[in-house]
Amino acid sequence: MSKMKNSGVEWIGEIPEDWNVIRFKDKYRNVKEIAGEKSSEYERLALTLNGVIKRPKDDSEGLQPKEFDGYQILRDNDFVFKMIDLQNISTSRVGLSPYTGLVSPAYIRFSAKNKNEYTKYTYYYLMSMYYNCVFNSLGGDGVRSALNASDMGNLKIPMPSLESQKAIVDAIESKTTKIDALISNEEKQIEKLKAYKQALITETVTKGLDKNVKMKDSGVEWIGEIPEGWEIYYPKALFKQRKERAMTGDKQLTASQQYGIMNQKEYMEITGSRVVVVEKDFDILKHVEKGDFVLSMRSFQGGLEYSEVTGCISSAYVMLIPYSEKVYSPYFKWLLKSSVYINAIQSTSNLVRDGQAMRFANFIQIWLPCPPQKEQKAIAEFLDKKCKQIEILISKKLEFIEKLNTYKKSLIYEYVTGKKQA
């Protein structure tokens, strides 16, 4: 272990005695090269959490800007930063570009003063700053929400010899490649579990639990065959609209695919998100009863939610009251979240990408299977149990991935600050 000295940089602490500390601008200069009339000659690039990528040429998702006036050229082996909204680490970015192309003028570009400069060590050091949220603290504890080129140029970088830099990069890449392979394997297993869960839901809500039951044609394309004792219903025979406005004492609710229908204040506390709170004119809100199903703008993507609470919600939403003599709500919670039903409901609109809200008129176009209530209950209980088991497995894998990512970040930190010898 090398003899250590104080780096003079609080978050780094001690570094090997033979290392220097330089400013980023000592080796790299801020450059802004506007493409202008040459814009069409370059591929479009973007800075993501996974580094610099080529943007898809397909503009159907709105990924490509329509105009490129003011866009700048980013060149191979340039550093690029997006340091806006420092309080949210997921919106800040650090990248070392493997491409030459066109990027947003909001990005900060630095090029090596020496064209033969070895950049990889510095990249891993900057990524360690990102992982440890150091950039966020440079904004002045919230006084500033962004960093500029001057801030980036003044960053302190511990700098070992070129030989040591290369050895450090080799060690990092050797170990992180193995970690990344483990993470990739876990992610693939999670996707398989999610696919199995969806297949299980679809099979169970449309075919039931008895594999030996006699089947019949449902007459509905998205459902196919159903058990002989099941019926197919027009949605109005199973649900009606609730049209009451907000009532005195109603708590404001929020709909989300992740959390369902929940108290607005609780949602903001859990997610850290801000949502519009109605302070007056409550008559623009609609009443929701416990047991209602709620059609939201996201219902086309699977956001048709069952409410476990009473309150009020945006007037853009539609509340459905189930007819209890035919509907066992927990079964329909699973049915209306199944991928086959979501695909069917999407077929009622050609404006999904434009954010069109799902209406009652869309909902009633899709005929629904309706088993006897005893079977509805058995199906719901089966899926509750099985899907919970799958979610537990997924949760464990996500925890393992988080541990691997934490280890990867600590490994990079220890190497780029000299605490671990390459």
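Tutor: Let us begin with the largest cavity, whose lining consists of Thr48, Leu49, Ser92, Arg93, Val94, Met127 and Tyr130. Strand S9 (93-96) and helix H2 (120-131) are the elements that each give two or more residues to this lining. Please bear in mind that this is a predicted model.

Student: How is such a space found, and how many cavities of 30 Å³ or more does the search find?

Tutor: Rolling a probe the size of a water molecule over the atoms shows where empty space is left. In this structure, the search of the whole structure gives one cavity of 30 Å³ or more, and the largest cavity holds about 30 Å³ of space.

Student: What classes of residue make up the lining of the largest cavity?

Tutor: Four of the lining residues are nonpolar, two are polar and one is charged.

Student: Turning to strands, in which sense do S17 and S18 pair?

Tutor: As a general idea, side chains in a regular strand alternate between the two faces of the sheet. Here, strand S17 (residues 253-256) and strand S18 (residues 260-263) are antiparallel, with four bridges. Three residues separate the two strands, which form a hairpin. Within the pair, Thr254 is opposite Met262 of S18.

Student: Finally, how many disulfides does the structure contain?

Tutor: A disulfide covalently joins the sulfur atoms of two cysteines. The search of the whole structure finds zero disulfides.

Student: Are Cys370 and Cys387 buried or exposed?

Tutor: Cys370 is buried because its relative accessible area is 6%, under the 20% cut-off. Cys387, at 3%, is likewise buried.

Conventions
Residues numbered from 1 in each chain as written. Predicted model: local features only at pLDDT ≥ 70, side-chain atom pairs only at ≥ 80, totals over all residues. Heavy atoms only, no water. Disulfide = S-S within 2.5 Å. Buried < 20%, exposed > 50% of the residue type's maximum accessible area, 1.4 Å probe, protein only. 1 Å grid on protein atoms, 1.4 Å probe; cavity = no way out; pocket = protein on both sides within 12 Å on 5 of 7 lines; lining within 4 Å. Points joined across faces, edges and corners; volume = space filled by probe spheres on them. Nonpolar A, V, L, I, M, F, W, Y, C, P; charged D, E, K, R; others polar. Pairing = 2+ DSSP bridges.
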